[in-house]
Amino acid sequence: MNADLEKLTKDEKIRLFNGVGNWNSFDAGGRLPSFTMSDGPHGLRKQDAVQETEAYADINRSRLATCFPTSSCMAASWDKALLSEEGKSIAEEAQCQEVDLVLGPGTNIKRSPLCGRNFEYFSEDPYLAGTLAASYINGMQALGIGTSLKHFTCNNQEKRRQTSNSIVDEKTLSEIYLRPFEIAVRKAQPASIMVSYNKVNGEYAAASKFLLTEVLRKKWGFKGMVISDWGACIGAANCLKAGMSLAMPDSNGYFSHQLSAVYDEDSVLRDKLDEANSLVVEAAKKWNGGHRQKADNSKIDFVAHHKAALRFATSSAVLLKNDGALPLAPKTKLAVIGGLAATMKFQGGGSSHINAAEYPSALESLKALGYEIDYAEGYPTDLGNVSEKGYAQALELAKKAASEKVPLLFFCGLTEEFEGEGFDRETIALPQVQTKLLDQILETGAEVIAVTFSGAPIDIYFADKVRAVLHMYLCGEACGEACAQLLSGNVNPSGKLAETFPFSEKDTPCYGNFGGEDDNIEYKEGCLVGYRYYEAKKIPVRYEFGFGLSYTTFEYSNLEVDAAARRVSFDIKNTGTVKGAEAAQVYIQRAGAEYPELRGFEKVELEPGETKRVSVELDENAFKSYDTSAHNFVPLVGTYKVMAASSVKKIQLEKEVEVSEGDLAGQAADAYSPDVTLYNDFFTNTFYEQHHRGTFTTADNLGDMAKESFAVRMILRFIIRAMLSTMKGKSKDDPSVKIAISAIEENPLESLISITNGVLSEKRMQGILRLANGKHK
Ligand code: BGC
């Protein structure tokens, strides 16, 4: 046993399984090293003690920090070095803010464009998502700050995320949903993995021995801690035995009570507790390694980080259409319409919300470059109503721009209430107040350039009617300056979509099977997620995976494939007149397979006329497939089409190669002897029985209980009202309010003990449960 643990009493050992407050591990009265966590992923949400006690009331209160572009935006850079630099920059702030471990990155697969939290994730493709996550982790951990890779796993929707049950077959789970986590674990060994709230195949991920021990530790060789998402530990003994190391946040004695009751007679639990405790203490030593002494938040170089945030944003924004209207001629007259030009939308709502100090608007930034601007707000960006006068002014401006032939920039996108943690969208459409205005503007004959903001696909239905579309994503605090730099051509756009933009949500693979009231969600589309689906089923899309334009052009030539070395090389030439960067992609399709798969990518920067030889390292699984009888990825000989491409549809070069056993000699599957019983149980134990009056347990939520019990309805109403009263008049549509309400309605009863900071005691919880199960409606 770890020497530090020998000095602990039984109670202290048990206590070490649970965090202290919202963000700390237990230090046994100073006898153990401990660590402090803080939310990421695209900046630090470090809360002071006062802010912490109000944590649930207002997650938007935190210390100033740099807000970097969100992950969905960073992924569009297709630039591993940039992700590593983002990790490093956030680590530099963590070092000055007494934070040892940052809760990020998130690498869940985007099963549907409607998931409210997609902006915090990278891609619909597992290789891209896993590789970028690994770069971020390596960048951050190189500076001695740990990470927490989240949310493991199949947390692909926000609706009822605390109790929903993702039903997934073995091949789909392994090839699509686990794969980004696997890549990141193997390439970067994150300090911790955050296990998600939801169930997978009928059991809570947090209590799944299959996921936390068999897959994570035994199969992938994960060495760090497993931390519960905040309030995801349902049944402390089961979670501990499954492989959880630390339950967060503080349960105010509840977990200790549960574990003490069984500790003496359960030797398996005692052993697992020793393992968990050792991992927590090791982590505290490793990640609290000295930087604490230097902590001083006045040392954060916000100026340098703001510049980095700007560079990240300009490398990630995606030019979706351009008929030559961009870049704008320098210092000319412009008409600008849309509240989002003045009030920037640069991040989403929820636990990733960053309190940024400086976020100049696009309007100011364009003016600073010498543009002469006439501006009309047109629609509001807060939750206010549209004013008829505002609309009329915008239309007047559009008419004037049309008659004077002045370019009209229309800024639009998802405002606050549409994107955030704890809720999903219902449609990919833009808010009606914006589309109604845009349609009228288009009728004036003005030459419109659309600048769009969202962390996930939106319906660019106006693509054929406007001259250009620049999609900024949610690109961090330097968003406004990034718009100006890209529109003016000072920087050449080089982002490409890391996800498909469909024509409609109705075209998406899981349409009708996503975000419903039923907790059981069958992943019926299997591996056909994102472009895999659209390519296999030949469904047209608005903008395909990997798509993005530039102010220059590129030519690919001389493709070479070395299957044994898992390497593909080719030349790229910048054939235009300005400097630019190209995100080159390699797709591979085995003969007979329904769809190509991304197996490598590299971003290269080229001066006009310059040619570079690009050498792309391929995914370890480039010539493998998941075999459900071996429960592993196994190499497959055969004919493969290897493609160098500028998007999944724009194949530039291709070659058919015969991959032989000799080629695959060095690519054997890892030695792994699966616990077949665990596999069988996990993939047959699928549907979850929803409970009703009489059978509710503490793993059910207040929302469901309230539907069947008048008394619980009253209690729920009271709790929500009490919570709202601490939120200083915020509207119910405010994302920080939405997330708090959804947590109270949808978190299992047991989880409310931790997340309400002890307001709900164990005794009260049992009382509510009795009421919920009582006879009276
Ligand atoms: C979120 C996590 C976050 C945690 C702590 C949870 O609700 O799902 O991503 O790290 O809260 O704020």
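**Helix 11 and its surroundings**

I began with helix 11, whose buried residues pack against helix 2 (10-16), helix 10 (236-242), helix 12 (267-287), helix 24 (749-755) and helix 25 (762-773). Helices (H or I, at least four residues) and strands (E, at least two) are DSSP runs, numbered from the N terminus, and contact means heavy atoms within 4.5 Å. In helix 11 (residues 254-263), I listed Tyr254, Phe255, Ser256, Leu259 and Tyr263 as buried. Buried means under 20% relative accessible area, exposed over 50%, and partly exposed in between, with a 1.4 Å probe and protein chains only.

I note for all entries that this is a predicted model, in which local features need pLDDT of at least 70 and side-chain atom pairs count only at pLDDT 80 or more, while totals for chains, interfaces and linings use all residues. Residues are numbered from 1 along each chain as its sequence is written, and side-chain values use heavy atoms, with hydrogens and water left out.

**Helix 8**

I next asked how many residues of helix 8 are buried. Eight of the ten residues of helix 8 (residues 179-188) are buried, so this helix is largely enclosed by the rest of the structure. I wrote them down as Arg179, Pro180, Phe181, Glu182, Ile183, Ala184, Val185 and Ala188. The buried residues of helix 8 pack against helix 6 (126-141), strand 3 (146-152), helix 7, strand 5 (192-195), helix 9 and strand 22 (632-635). Glutamine 189 follows helix 8 and has a positive phi, near 40°.

**Two helix pairs**

Two packed helices are described by the angle between their axes and the distance between the axes. Axes are lines fitted to C-alpha atoms, for helices over the stretch in contact, and angles run from 0 to 180 degrees between N-to-C directions.

For helix 9 (residues 209-219) and helix 20 (residues 676-684), I found a packing angle of about 135°, with the axes 10 Å apart. That makes helix 9 oblique to helix 20; angles under 35 degrees count as roughly parallel, over 145 as roughly antiparallel, 65 to 115 as roughly perpendicular and the rest as oblique. Their crossing is left-handed, a word used if the near helix is turned anticlockwise from the far one by less than a right angle, with right-handed used if clockwise. Lys209, Phe210, Leu211, Glu214 and Lys219 in helix 9 meet Leu678, Tyr679, Phe682 and Phe683 in helix 20. By class, this contact of helix 9 with helix 20 has six nonpolar, no polar and three charged residues. Here Ala, Val, Leu, Ile, Met, Phe, Trp, Tyr, Cys and Pro count as nonpolar, Asp, Glu, Lys and Arg as charged, and the others, Gly among them, as polar.

Helix 22 (residues 710-725) and helix 23 (residues 735-746) pack at about 155°, with their axes 11 Å apart, and are therefore roughly antiparallel to each other. Helix 22 passes helix 23 in a right-handed crossing. Leu716, Ile719, Ile720, Met723 and Leu724 in helix 22 meet Val737, Ala740, Ile741, Ile744 and Glu745 in helix 23. I classed the residues in the contact of helix 22 with helix 23 as nine nonpolar, no polar and one charged.

**Aromatic pairs**

My search of the whole structure found 26 aromatic pairs. Rings of Phe, Tyr and Trp (its six-membered ring) pair if their centres lie within 6.5 Å; planes under 30 degrees apart count as stacked, over 60 as edge-to-face and the rest as tilted. The rings of tyrosine 177 and tyrosine 523 have their centres 5.0 Å apart and their planes at 70°, so this pair is edge-to-face. Tyrosine 177 lies in helix 7 (residues 170-177) and tyrosine 523 in the loop between strand 15 (520-522) and helix 19 (531-537), so the pair ties together parts that are 346 residues apart in sequence. Tyrosine 177 counts as buried at 1% relative accessibility, and tyrosine 523 counts as buried at 5%.

Phenylalanine 623 and tyrosine 640 also form an edge-to-face pair, at 4.9 Å centre to centre and 80° between the planes. Phenylalanine 623 is buried, with a relative accessible area of 0%, and tyrosine 640 counts as buried at 3% relative accessibility. I also noted a cluster in which ring pairs link Trp78, Tyr127, Tyr531, Phe545, Tyr587 and Phe601.
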